[in-house]
Amino acid sequence: MKKFKSDCGYIVYETTPRECIEITNGFGICDMCAKTDKVIYLVPVLNHAFCQKCYDDWNGRAIFYEDDLWFEEFYARIWEDMAKRKKIDLVEIR
Ligand SMILES: [Zn+2]
């Protein structure tokens with residue numbers, strides 16, 4: 001999976017549906033529209049998985065709040081620990 005920052009500065013993980021399932025124990029589908037996609041974006045500050053379309057929608061209007069960083073860190077740590085346990089490589093980009 002890949003790690004990068006959204007346009008406003010939040011952490012985002014780009015995963016395959018399979019990686020998403022292993023990392024979150026979820027379903028590998030978008031939390032907004034319930035569809036799956038080739039790529040699933042995990043956004044720890046929201047505890048949300050997005051398909052490409054819903055990620056693009058959110059990315060275009062998200063506003064960065066420093067007060068939310070404790071929540072982002074909470075899920076980022078859980079998901080990165082889970083990725084490590086499942087031997088999913090984490091590559092930081094951008
Ligand atoms: Zn969606």
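These legends describe close-up views of one predicted model.

Local features are described where pLDDT is at least 70, side-chain atom pairs count only at pLDDT 80 or more, and totals for chains, interfaces and linings use all residues. Residue numbers start from 1 along each chain, as its sequence is written.

**View 1. Five strands make an open sheet.** The order is β4-β3-β2-β1-β5, and the pairing is mixed. Helices (H or I, at least four residues) and strands (E, at least two) are DSSP runs, numbered from the N terminus. Two strands pair if DSSP finds at least two bridges between them. β4 and β5 (91-92) stand at the edges with a single partner strand each, so one side of each has no neighbour in the sheet. Helix α1 packs on the sheet and touches β2, β3 and β4. Its direction makes about 30 degrees with that of β3. Axes here are lines fitted to C-alpha atoms, for helices over the stretch in contact, and angles run from 0 to 180 degrees between N-to-C directions.

View 2. Lys-3 has Glu-92 of β5 as its bridge partner.

**View 3. Strand β3 pairs with β2 and with β4.** Three bridges join β2 and β3 in the antiparallel sense. Tyr-13 stands opposite Leu-42 in β3. β3 and β4 are also antiparallel, over three bridges. Val-43 has His-48 of β4 as its bridge partner. Four residues separate β3 and β4 in their hairpin. In that turn, Asn-47 has a positive phi of about 50 degrees.

**View 4. Both faces of β3 are covered.** Ile-40 and Leu-42 are buried on one side, Tyr-41 and Val-43 on the other. A residue is buried if 20 or more other C-beta atoms lie within 10 Å of its own, exposed if 12 or fewer, and partly exposed in between; C-beta atoms are placed from the backbone. Which residues does Tyr-41 contact, leaving aside neighbours within four places in sequence? They are Val-12, Glu-14, Ala-49, Phe-50 and Tyr-55. Contact means C-beta atoms, placed from the backbone, within 7 Å.

**View 5. The largest nonpolar core has 19 residues.** Such a core is a set of buried Ala, Val, Leu, Ile, Met, Phe, Trp, Tyr and Cys residues joined through C-beta atoms within 7 Å. Ile-40, Tyr-41, Leu-42, Val-43, Ala-49 and Phe-50 touch the most other members. At least two residues each come from β2 (11-15), α1 (17-24), β3 (40-43), β4 (48-50), α2 (52-61) and α3 (69-85). β3 gives the largest share, four residues.

**View 6. Helix α3 has 17 residues.** Its first and last C-alpha atoms are 24 Å apart, close to the 24 Å expected at 1.5 Å a residue. The expected span is 1.5 Å times one less than the number of residues. Lys-84 is found in this helix. Is Lys-84 buried or exposed? Lys-84 counts as exposed, because it has 11 C-beta neighbours inside 10 Å. Its C-alpha atom is 9.2 Å from that of Ile-23, which is 61 residues away along the chain. After α3 comes Lys-87, with a positive phi near 60 degrees.

Notes
Contact = placed C-beta atoms within 7 Å.
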